[in-house]
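Biologist: Please go through the aromatic contacts and the helix packing with me, using the chain shown below.

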Amino acid sequence: MASKTSSLESISTHLAEFRLIPRLETYPRVVAFAQTAPGKVIMLALFGLGLRLSFFDLRTVLLLISALALVTFLPSYRRLILAVAPIGFVVLKSFRQPLFLGLNLAVIALGVLLYLCSMRWPKSLLGRRPIVFLLSGFSVLILLACAAASNTMLYSNLWNLVGIAVNYVWFIGYALLDRNSKPARDLTSELAAFHPVWGSAYTPFPKGAAYLRRIEAQNPEQLAIVQLKGLKLLGWVTLLTVFQYLFHGFFDDYLRIPDFAQAMAMSVQGTPLPWHMRWASTILIYFELMVNVTIWGGRVIAMCRMAGFNALRNTYRPLYATTIAEFFNHYYYYYKELLVDFFFYPVFFHYWKGHRRIRTVFATFAAACLGSVFFHFTLDWRVIQNEGLWNAMVNYQAYFFCCFLLAAGVSISQLRKRGPGHGGFIRGRLIPAVGVNLFFCLISIFASEGTHYPLVDYLRYVASLFFIHF
């Protein structure tokens, strides 16, 4: 039995160390060549080809490669280029829509103003609580848009402003958090991080200018290494894209397994799919979501690395996680960091200081539950616009429940003490990893996109997976 366990551990170690793409950044000759002009041109050309294969349109690829080429050949002007390029992209994208362009520039100017004011008057209420001002102001903007009379110019403009502000609010928030960093008064770095040239989700990838300054390449050798890592990551993402295509072809077209939205709809209508098909649909949507997050997060970080910043990957081996907290950290790293920076730390350092366990749980619920609900609810501003504030909140009841379960799971994971060397590979790694992934697979049902049913319908669906019917 011991030999079997040892062999399983050896197989696991070899699988963890196996790489489809070699570690080019560890080869001295490759690094040296990447520092030459021909090497830089070849890397940029290969990177552009990778972006094109990732279904980027040719115009977008050329704009991105042009910006990355300037950063690569003029590294001393990196921050200035990265500060100006995103604004230039906004102008190119919307110069035929003056209102849209004006609102974009107004939001950027407001973010700069908040940053400068918090720096200028650090002891004022704004200087001490800039994030509270930012998020409260954003919430008030949504309430004003809800209160405005429909089919009026004010109504249209307020919702347009909400739609633009949601793209910047968390980037501006990181700039405000950076106000105490050193050097803090580097405005070009803050502008570069407002809406970075490498793109991002609504979650900042990576986390603001202070973080960028810590991971910035400082010399030609470091730049070459970081860019090689970016090129490798894009190659890995391209392979995953091919895998995703084959994945869909096999399970959707060949096996004809219904997607989760169809399975959920049939369950609500009282004509559920067979038990094994419900499980298949649920597991497939879980893995599909994981692959999607890995692909688009990897593209963003690859471009960030090509710009000269050695950023951590957004998704890194979540299937290996043996605790809920570890999975949350590995699955969507920068979203977890956003919740920690904006919600967990402020609560953890200000409340229940004499009770560490209580304040850990309290801060975890503030982040993983309330923070996550606020982030996604405001992100779906079109639902609020179309259905009204109250109806949108009712539609979000299943997601509220999902966030509650997530916060409870993370809290238990943080407080639970695990014994050292617990049971070898099977009991110590395999069974916990399966349990963690099953937990996230089940709670992802409540957070599925495109389906808005009462909470009880989701509970019935989950219960039916375990032969419980009510």
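Predicted model: local features only at pLDDT ≥ 70, side-chain atom pairs only at ≥ 80, totals over all residues.

Biologist: Is Phe-467 buried or exposed?

Modeller: Residues are numbered from 1 along each chain as its sequence is written, and side-chain values use heavy atoms, with hydrogens and water left out. Buried means under 20% relative accessible area, exposed over 50% and partly exposed in between, with a 1.4 Å probe and protein chains only. Since the relative accessible area of Phe-467 is 58%, the residue is exposed.

Biologist: How is the aromatic pair of Trp-275 and Phe-467 classed?

Modeller: Rings of Phe, Tyr and Trp (its six-membered ring) pair if their centres lie within 6.5 Å, and planes under 30 degrees apart count as stacked, over 60 as edge-to-face and the rest as tilted. Here the centres are 4.9 Å apart with 20° between the planes, and the pair is stacked.

Biologist: Why is the pair of Tyr-396 and Phe-400 classed as it is?

Modeller: Tyr-396 is buried at 6% relative accessibility, whereas Phe-400 is partly exposed at 27%. Their ring centres lie 6.0 Å apart and their planes stand at 45°, so the pair is tilted.

Biologist: How are helices H15 and H16 oriented to each other?

Modeller: H15 (residues 324-331) and H16 (residues 333-348) pack with their axes 5 Å apart and at an angle of about 110°. Because angles of 65 to 115 degrees count as roughly perpendicular, under 35 as roughly parallel, over 145 as roughly antiparallel and the rest as oblique, H15 is to H16 roughly perpendicular.

Key. Axes fitted to C-alpha atoms, helices over the stretch in contact; angles between N-to-C directions. Helix = DSSP H or I, 4+ residues; strand = E, 2+ residues; numbered from the N terminus.
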